[in-house]
Amino acid sequence: YTSIWSNIGDIRNRGVDMGLHTVNLDGRPRGLGWTSDLNVTWNSNVVTKLYNGQVATFNVSSRITSAAAVGHPLGEFYLYKFLRVDPDNGNAVFQAADGSETDSPGSSDRMFVGSPQPTYYGGFTNTFTFRNFDLLGFLQFSQGNKVFNMMRIFTDDGGCTWDNESTLSLARWQKPGDVTNEPRMSYDCTSGADVISSRFIEDGSFVRLGEVTLGYKLPDRLASAARMTNARLYVSGRNLH
């Protein structure tokens, strides 16, 4: 056999889950009610043991994108660290393993450049009631995680793969003295724009308006006329912003 599948490591998760329910208005005296529900999770994920302590890398389409290592979160991005674009020639500059700068990094220069694990995440719900009307709003949030935008391997590579480029290329280096984080265009793949690095790592934090629902409970007399004990009409939107 050339390889085997085995459980070769340990992972530890530690954190705090908090849930808070409040009654802000109880409907008296004007019939307006308002309740809030907040839940937040803080979690610390870390790899505590691996076979011989060696780094385990993960590949996507033959490209190393992340790794597991003792003392680091699971799946932390393991790439070349992009520093800047050389204003003299428009080439990408990266950090070498010894801390120096290089425009041609090797496999030993890969390093951890960001975690996909959020610092905290949760949701916040508010529910309002007034007579037969009800209104619910739900916010979902996540903070502190990074995202590897793999699409940029093709759309932000300086034209190296001859694919359509994104609008990021409009800010590319074009002449000596230009200060930018977009390397020059290079169809011969010599500017370093195509090097898979932390340049493609983006902030994954977000706040999302997950749901808004407006409802109306039909009066009992109308519901009973339709041979129903309870009826409610509502309109709802999901992931609105």
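**Figure 1. Pairing of strands β6 and β7 in the predicted model.** In this predicted model, β6 (residues 81-85) and β7 (residues 92-95) run antiparallel and are joined by four bridges. Across this pairing, V85 of β6 faces A92 of β7. The two strands make a hairpin, with six residues between them. G90 sits in the turn of this hairpin and has a positive phi of about 80°.

**Figure 2. Pairing of strands β7 and β8.** Strand β8 (residues 101-102) is antiparallel to β7 and is connected to it by two bridges. Here F94 is placed opposite T102 of β8. Five residues separate β7 from β8, and the two strands again form a hairpin. In its turn, G99 has a positive phi of about 95°.

**Figure 3. The largest nonpolar core.** Nine residues make up the largest nonpolar core: F77, L79, M111, V113, F148, I153, I196, F200 and I201. Strands β5 (76-79) and β9 (111-114) each contribute at least two residues to this core. In soluble globular proteins, nonpolar side chains tend to be buried together.

**Figure 4. Surroundings of I201.** I201 is a member of the largest nonpolar core. Beyond its neighbours within four places in sequence, I201 is in contact with F77, L79, V113, K146, V147 and F148. Of these contacts, F77, L79, V113 and F148 are also listed in the largest core.

**Figure 5. The disulfide between C160 and C189.** The structure has one disulfide, which joins C160 to C189 with an S to S distance of 1.8 Å. The torsion about the S-S bond is about 95°, so the disulfide is right-handed. C160 and C189 both lie in the loop between α1 (152-155) and β13 (201-203), so the bond ties together parts that are 29 residues apart in sequence. Is each cysteine buried or partly exposed? C160 has a relative accessible area of 14% and is buried, whereas C189, at 31% relative accessibility, counts as partly exposed. The cut-off for buried is under 20%.

Figure 6. S36 is part of strand β2 (residues 32-49). With a relative accessible area of 7%, S36 is buried. Which side chain makes a polar contact with that of S36? The side chain of N24 does, at 2.8 Å. Leaving out residues up to four places away in sequence, S36 touches L20, H21, T22, N24, F124, T125 and N126. The C-alpha atom of S36 is 22 Å from that of L233, and these two residues are 197 residues apart along the chain.

Figure 7. S115 is located in the loop between β9 and β10 (120-130). Its relative accessibility is 16%, and S115 counts as buried. A polar atom of the S115 side chain lies 3.0 Å from the backbone nitrogen of Q117. Not counting residues up to four places away in sequence, S115 touches P73, E76, F77, G144, N145 and K146. F77 in this list is also part of the largest nonpolar core, and K146 is also in contact with I201.

**Figure 8. The whole chain, for context.** The secondary structure comprises two helices and 15 strands. The radius of gyration is 26 Å, well over the 18 Å that the globule rule gives for 241 residues, so the protein is more spread out than a compact globule. The C-alpha trace spans about 75 × 50 × 35 Å along its principal axes. Of the 241 residues, 33% count as buried. Among contacts with a separation of 6 or more, 61% are between residues 24 or more positions apart.

Notes
Residues are numbered from 1 along each chain as its sequence is written. This is a predicted model: local features need pLDDT of at least 70, side-chain atom pairs count only at pLDDT 80 or more; totals for chains, interfaces and linings use all residues. Side-chain values use heavy atoms; hydrogens and water are left out. A nonpolar core is a set of buried Ala, Val, Leu, Ile, Met, Phe, Trp, Tyr and Cys residues joined through side-chain atoms within 4.5 Å. Buried means under 20% relative accessible area, exposed over 50%, partly exposed in between (1.4 Å probe, protein chains only). Contact means heavy atoms within 4.5 Å. A polar contact is a pair of N or O atoms within 3.5 Å; within protein, one must be able to donate a hydrogen and the other to accept it, and residues adjacent in sequence count only if both atoms are side-chain atoms. A disulfide is a pair of cysteine sulfur atoms within 2.5 Å. Two strands pair if DSSP finds at least two bridges between them. The radius of gyration is taken over C-alpha atoms; the globule rule is 2.2 Å times the number of residues to the power 0.38.
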